[in-house]
Amino acid sequence: QVQLMESGGGLKQPGGSLRLSCAASGSILSINVMAWYRLSPGSQRELVASISSGGVTDYADSVKGRFTISKDNTKNTVYLQANSLKPEDTAVYYCHINMRGWDLRKYDYWGQGTQVTVSP
């Protein structure tokens, strides 16, 4: 079993910053991709940012230049630094990993979600 523990959400003012963290633990042989998604009312789930095992990053156009994804391989932890927050960033943010288990099979896991609210 694998668990993803997210932290760092909350209420922020427009223009503010926050840092989300997601730590993966359990039977993990290797992690291929770590990513952050978000879901807001009335919208479809959106891929916010991803980072590959080799450190290649990708961002949604809506967050380019404002958000930065990074990871600590020693801790199986992924971070999302969000700056210049806008009200439209309000959403539940979910951590996702694509990993390989000790049985050599690939698995996908999701975090429980953390609420980010951007409001004056």
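Which residue stands opposite Tyr-79 in β8? The legends below answer this question and describe the surroundings. The model is predicted: local features need pLDDT of at least 70, side-chain atom pairs count only at pLDDT 80 or more, and totals for chains, interfaces and linings use all residues. Residues are numbered from 1 along each chain as its sequence is written, and side-chain values use heavy atoms, with hydrogens and water left out.

**View 1. An open sheet of four strands.** The strands follow the order β1-β3-β8-β7, with antiparallel pairing. Strands, like helices, are DSSP runs numbered from the N terminus (strands: E, at least two residues; helices: H or I, at least four). Two strands pair if DSSP finds at least two bridges between them. β1 and β7 are the edge strands, and each pairs on one side only. From one strand to the next, the twist averages 15 degrees; axes are lines fitted to C-alpha atoms, for helices over the stretch in contact, and angles run from 0 to 180 degrees between N-to-C directions. Strands of a sheet pair through backbone hydrogen bonds, either parallel or antiparallel.

**View 2. The neighbours of β8.** Ser-70 is the residue that stands opposite Tyr-79 in β8. Lys-71 stands opposite Val-78 of that strand. The antiparallel pairing of β7 and β8 runs over six bridges. β3 and β8 also pair in the antiparallel sense, over six bridges, and Gln-81 in β8 is the bridge partner of Arg-19. Five of the six residues of β8 are buried, so this strand is largely enclosed by the rest of the structure. Buried means under 20% relative accessible area, exposed over 50%, and partly exposed in between (1.4 Å probe, protein chains only).

**View 3. Two residues with positive phi.** Most residues other than glycine have a negative phi, and most peptide bonds are trans. β7 and β8 form a hairpin with four residues between them. Asn-76, in the loop between β7 and β8, has a positive phi near 50 degrees. Asn-76 is partly exposed, with a relative accessible area of 25%. Ser-84 lies in the loop between β8 and β9; although not a glycine, Ser-84 has a positive phi of about 50 degrees. Its relative accessible area is 41%, which means that Ser-84 is partly exposed.

**View 4. Charges over rings.** A charge sits over a ring if NZ of Lys or CZ of Arg is within 6 Å of the ring centre and within 35 degrees of the ring normal. The charged end of Arg-19 lies over the ring of Tyr-79, 4.0 Å from its centre. Likewise, the charged end of Arg-45 sits over the ring of Tyr-37, 5.3 Å from its centre.

**View 5. The largest nonpolar core.** A nonpolar core is a set of buried Ala, Val, Leu, Ile, Met, Phe, Trp, Tyr and Cys residues joined through side-chain atoms within 4.5 Å. The largest such core has 29 residues, of which Trp-36, Leu-80 and Tyr-93 touch the most other members. Elements giving two or more residues to this core include β3 (18-26), β8 (77-82) and β9 (91-100). The largest share, five residues, comes from β9. Not counting residues up to four places away in sequence, Leu-80 touches several residues, among them Leu-20, Trp-36, Val-48, Ile-69 and Tyr-93; contact means heavy atoms within 4.5 Å.
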